[in-house]
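Please look over the sequence and the fold shown below before reading on. The paragraphs after them are meant to be read with both in view.

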Amino acid sequence: MGFLMPVGVIAIRMSHREACGRRLKILFYVHSISQMLSVLLSTAGAVMSIKNFNNSFDNHHQRIGVGLYGMVWLQALIGFLRPRRGSKGRGLWFFVHWITGTAVSLLGIVNVYTGLQAYHQKTSRRIHIWTIVFTTEVSFIIFFYLFQDKWDYIHKQGVILEPLRPTHQVISPGEKQKGSTTESC
């Protein structure tokens, strides 16, 4: 969930600027497949957790996990009920899918940290390295997610769309004769 869901989110975000139908389909399938795999793996994780661990729901990780698990399946259901482009309910569907996906992403991040804390409390093992690794991953994903919006803007910074023309130029009488032989900027 901590890797496949962000891959799917970034893939669908990349598709917004894509004009090529083939690339657009590929990005959509990357989004769909990574999200479905994430749902299946989180389901397997939930089943293993219920089967192998004490599920008294006395810590934040377990409580958040139950809500998150329900939201993950709700998000999957919303994804499968996607209306066609241009249909009346598409705008509402997009908003609900986006807000649910954002909530799942944020709760998932919080739940990884609470899970690391629960693991530390239960086993007394160090979690410092895992906290650094996950924080690095989340930081990279956030940077890449935000960077996509600015990519086109950054590329356009070095491109001159129109040649610059001076609006007001003062030429002294002695330079008028020289100016005829030299080119202006």
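Predicted model: local features only at pLDDT ≥ 70, side-chain atom pairs only at ≥ 80, totals over all residues.

Residues are numbered from 1 along each chain as its sequence is written, and side-chain values use heavy atoms, with hydrogens and water left out.

The protein has 6 helices and 0 strands; here helices (H or I, at least four residues) and strands (E, at least two) are DSSP runs, numbered from the N terminus. Along the sequence the pattern reads α-α-α-α-α-α. Of the 185 residues in the protein, 22% are buried. Buried means under 20% relative accessible area, exposed means over 50%, and partly exposed lies in between, with a 1.4 Å probe and protein chains only. The accessible surface of the protein is about 14400 Å², and carbon and sulfur atoms account for 67% of that surface. Such areas come from the Shrake-Rupley method with a 1.4 Å probe, and for residues only the protein chains shown count as cover. Contact means heavy atoms within 4.5 Å. Among contacts between residues at least 6 apart in sequence, 60% join residues at least 24 apart.

The expected span is 1.5 Å times one less than the number of residues in the helix.

Two packed helices are described by the angle between their axes and the distance between the axes. The axes of α4 and α5 are 11 Å apart and the helices pack at an angle of about 175°, which makes α4 roughly antiparallel to α5. On the α4 side the contact is made by Ile109, Val112, Tyr113 and Leu116, and on the α5 side by Trp130, Thr131, Phe134, Thr135 and Val138. Axes are lines fitted to C-alpha atoms, for helices over the stretch in contact, and angles run from 0 to 180 degrees between N-to-C directions. Angles under 35 degrees count as roughly parallel, over 145 as roughly antiparallel, 65 to 115 as roughly perpendicular and the rest as oblique.

In the loop between α4 and α5 sits serine 124. Its phi is near 65°, a positive value in a residue other than glycine. Serine 124 is exposed, with a relative accessible area of 59%.

Histidine 97 lies in helix α4 and counts as buried at 16% relative accessibility. Leaving aside neighbours within four places in sequence, histidine 97 is in contact with His31, Gln75, Ile78 and Gly79. Threonine 100, also placed in α4, is buried with a relative accessible area of 9%. Not counting residues up to four places away in sequence, threonine 100 touches Met71, Leu74, Gln75 and Ile78. Threonine 100 and leucine 74 are 26 residues apart in sequence, and their C-alpha atoms are 8.2 Å apart in space.

Next comes α3, whose 21 residues should span 30 Å at 1.5 Å a residue; its end C-alpha atoms are 30 Å apart, which agrees. Gln62, Leu68, Val72, Gln75, Ala76 and Ile78 of α3 are buried, and their cover includes α1, α2 and α4.

The axes of α2 and α3 come within 10 Å and cross at roughly 150°, which makes α2 roughly antiparallel to α3. Met36, Val39, Ser42, Thr43 and Ala46 of α2 make the contact with Tyr69, Val72, Trp73, Ala76 and Phe80 of α3.

Helix α2 also holds tyrosine 29, which counts as partly exposed at 47% relative accessibility.
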